[in-house]
Amino acid sequence: MRDASLRAAQHELETTHWRGPVRRYDIVKEGVIAFAVVAVVVVGLSSFLGSPDEPALTFQGWATAMPNDFYDTTVSELAGTSESATYGPPYNDGGTGQTLGPINLQALAGIRIPVDPANDFVIQPLQTQQQPADVVAALDQWTGATAEQQSLWASTYETALGAADGDPTAVGDGDYGPVPVLASGLEQMAASGALDGVLAAPGSFYSTDNTKQILFMGDGGYLDAAASANELQGNQWGMMNETGAYPGQQWLAPFSFWYQLPIFNSEADSGFAANLTANADIVIMVIVVVFTLVVMLLPFIPGLRDLPRAIGLHRVIWRRYYAGAKERA
Amino acid sequence: MSAEQGALPAGRAGQDAVPAGDAEPPTSWIGRIRRRLEDDLPYEKLLPETQPAYVASWIYVFGVLTLAALGMIVVSGIVLAFEGPSWYHTSNVGHWFNSLHFWSVQLFFVFMLVHLVGKFSMAAWRGHRARTWITGMLAFLVSIVTGLTGYVLQTNFDSQWISFEAKDGLNAAGVGAWFNVANLGQVALVHVFLLPLIIGVIVAVHVVLVRLHGVVPPIDAAAVEQGRAAASVTAPATAEAAERGARHDQTASGGDVMPVHEHERTGGRHA
């Protein structure tokens with residue numbers, strides 16, 4: 001009975017204007033002081049520590065530092081086996097994308113940002129520049145061939161390149177069509193620095209979309225190696241790391257946590273773990289969305305909404321109030 | 001214009017006539033909004049000079065610190081917006097302003113997380129304050145998206161890697177088809193205009209809700225207040241006792257405690 005009465009009194013206190021003791025509290029003054037303090041701290045941190053700004057990677061840097069990797073990636077774009085070529089929606093139909101059981105959210109929107117890696121990353125850039133005679137001839141041969149023939153040339157050469165450990169100088173003879181010349185031509189173009197500008201704005205003056213550059217660069221090992229060196233990989237808590245010794249997006253810790261679990265980093269080829277790893281992004285996204293909804297709707301979830309009382313941190317926050325009342329009693 | 005020229009047609013005069021006095025409820029939309037604001041958010045409640053005595057912990061400072069950091073983000077962001085996203089790669093002044101923006105964001109999230117943990121610990125959603133909690137969470141979520149677009153907008157190596165990685169999660173969720181983090185033009189507009197606008201609106205609603213409902217009373221405050229009432233009956237207050245009680249109500253920032261009912265003029269209708 002007393003509990004019910006206390007509960008009712010508590011509810012009354014929480015929902016009506018407070019009639020207990022009050023104290024003077026100047027919110028505006030507090031706000032001005034807070035802004036001044038924050039400004040001083042931010043100016044101090046900025047002046048003494050600066051901020052991270054590692055220069056962006058370039059295709060020129062890639063072709064110069066890792067020429068074979070660039071060359072092999074170009075061949076995989078022509079063969080249609082690169083990550084971009086097999087990605088699926090929203091870029092192309094080379095794959096199905098990630099699924100959550102029978103649900104494929106990735107495919108719902110269809111191909112809204114069309115990307116054809118062989119043409120967009122290799123053929124078109126080569127066509128926009130004046131090329132040596134052998135590259136011009138190779139372009140003519142490629143564009144004059146059927147899609148089946150193109151695929152046969154590129155996949156045959158990719159297999160041979162794989163057998164030679166990715167070293168183009170060690171590849172044996174074979175019917176590779178124009179593929180080696182095209183790959184070599186693009187590598188030369190990238191090393192000269194011309195590819196960076198051409199990929200950004202092929203045939204146009206303005207460019208605000210870097211999707212193709214990001215995808216192409218991500219297909220090779222250059223971007224990946226730089227990320228590993230800076231501990232930015234997903235399984236290195238990379239989502240919340242930053243280059244150098246600076247703090248990154250620490251607030252993504254609840255997201256990043258899941259990528260550290262072995263079940264989402266499995267080397268297995270088949271089975272439950274392999275499936276989870278292949279669809280890690282959507283599975284983790286769903287987990288985080290559910291967790292977020294639970295926290296957001298905490299006020300309405302019996303049991304969970306009483307957690308603060310059980311944890312007891314409120315006794316520290318309101319210790320003066322409780323202590324004052326205890327002494328008065 | 002003469003009084004006759006300004007007179008309403010007979011058929012509409014009754015509908016649009018201004019109510020004779022305050023007792024008569026307004027019929028126009030704007031009048032209803034005004035009446036609602038007058039009832040729920042009088043100036044005394046919107047800009048109060050007092051707070052309940054239990055608002056006496058440093059944890060309460062983190063809400064306003066979050067707003068202060070947001071202010072620094074906006075100020076430094078305006079300078080960066082005028083100079084463009086390449087400025088801070090080539091200019092020391094630009095790099096310094098980028099650093100201001102960077103550290104403001106870091107502090108903003110630290111303050112906001114402490115504020116969030118504090119409000120969770122207080123179960124601050126009690127007493128019809130769920131909307132305040134939800135808008136706070138929404139502000140946190142939109143801030144995360146804004147932070148992501150800001151990191152992508154740095155146009156450096158970090159941006160390349162983050163956009164390459166983030167696209168997979170967004171694509172998997174079916175969002176990437178519209179929200180393309182590799183599209184710098186889209187990211188810039190969303191980061192500089194759309195998301196700050198959304199955050200501004202959510203934060204404004206959040207702050208108004210805080211003022212509307214007041215600061216949540218402590219857990220078990222009813223038991224405490226009943227004990228206080230019982231004590232005052234059994235031991236009539238003396239000047240010394242009142243002073244002793246007041247000392248316990250002193251705040252971290254040294255505010256003075258006022259008699260119990262002096263503040264009642266600040267009252268208003270509570271939701």
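Biologist: Among contacts in chain A between residues at least 6 apart in sequence, what share joins residues at least 24 apart?
Modeller: That share is 56%. Keep in mind that this is a predicted model.

Biologist: And what is chain A built from, in secondary structure terms?
Modeller: Chain A has 18 helices and one strand.

Biologist: What's the radius of gyration of chain A, against a compact globule of 329 residues?
Modeller: Chain A comes out at 29 Å, whereas a compact globule of that length would be near 20 Å. Along the principal axes, its C-alpha atoms fill a box of roughly 95 × 50 × 35 Å.

Biologist: How much of chain A is buried?
Modeller: Buried residues are 41% of the 329. The accessible surface of chain A is about 16,700 Å², with 59% of that belonging to carbon and sulfur atoms.

Biologist: What about charge: how many positive and negative side chains in chain A?
Modeller: There are 15 positive and 34 negative ones, and the centres of the two sets sit 43 Å apart.

Biologist: OK, switching to the inside. Which residues have the most contacts within the largest nonpolar core?
Modeller: Val38(A) and Trp251(A), in a core of 57 residues. The biggest contribution to this core comes from helix α6 of chain B, residues 92-121, which gives ten residues.

Biologist: What does Trp251(A) touch, apart from its sequence neighbours?
Modeller: Leaving out neighbours within four places, Trp251(A) contacts Val105(B), Gln106(B), Phe109(B), Phe140(B), Ile144(B) and Tyr151(B). There's also a second, separate core of 53 residues, with Trp62(A) and Leu199(A) among them.

Biologist: Is Gln213(A) buried or exposed?
Modeller: Gln213(A) counts as buried, because its relative accessibility is 14% and the cut-off for buried is under 20%. Gln213(A) lies in helix α11 of chain A. Beyond its neighbours within four places in sequence, Gln213(A) is in contact with Phe59(A), Asp196(A), Leu199(A) and Ala200(A).

Biologist: What's the phi of Trp237(A)?
Modeller: Near 60 degrees, a positive value in a residue other than glycine. Trp237(A) sits in the loop between α12 and α13 of chain A, and counts as partly exposed at 37% relative accessibility.

Biologist: And Ala123(B), what's its phi?
Modeller: Near 50 degrees, again positive. Ala123(B) is in the loop between α6 and α7 of chain B, and at 4% relative accessibility Ala123(B) counts as buried.

Note on methods: Residues numbered from 1 in each chain as written. Chains lettered and ligands numbered in written order. Predicted model: local features only at pLDDT ≥ 70, side-chain atom pairs only at ≥ 80, totals over all residues. Heavy atoms only, no water. Core = buried A, V, L, I, M, F, W, Y, C linked by side-chain atoms within 4.5 Å. Buried < 20%, exposed > 50% of the residue type's maximum accessible area, 1.4 Å probe, protein only. Helix = DSSP H or I, 4+ residues; strand = E, 2+ residues; numbered from the N terminus. Contact = heavy atoms within 4.5 Å. Rg over C-alpha atoms; globule rule 2.2 N^0.38 Å. Areas by Shrake-Rupley, 256 points an atom, 1.4 Å probe, with all protein chains shown as cover. Lys, Arg positive; Asp, Glu negative; His and termini not counted. Charge placed at Lys NZ, Arg CZ, Asp CG, Glu CD.
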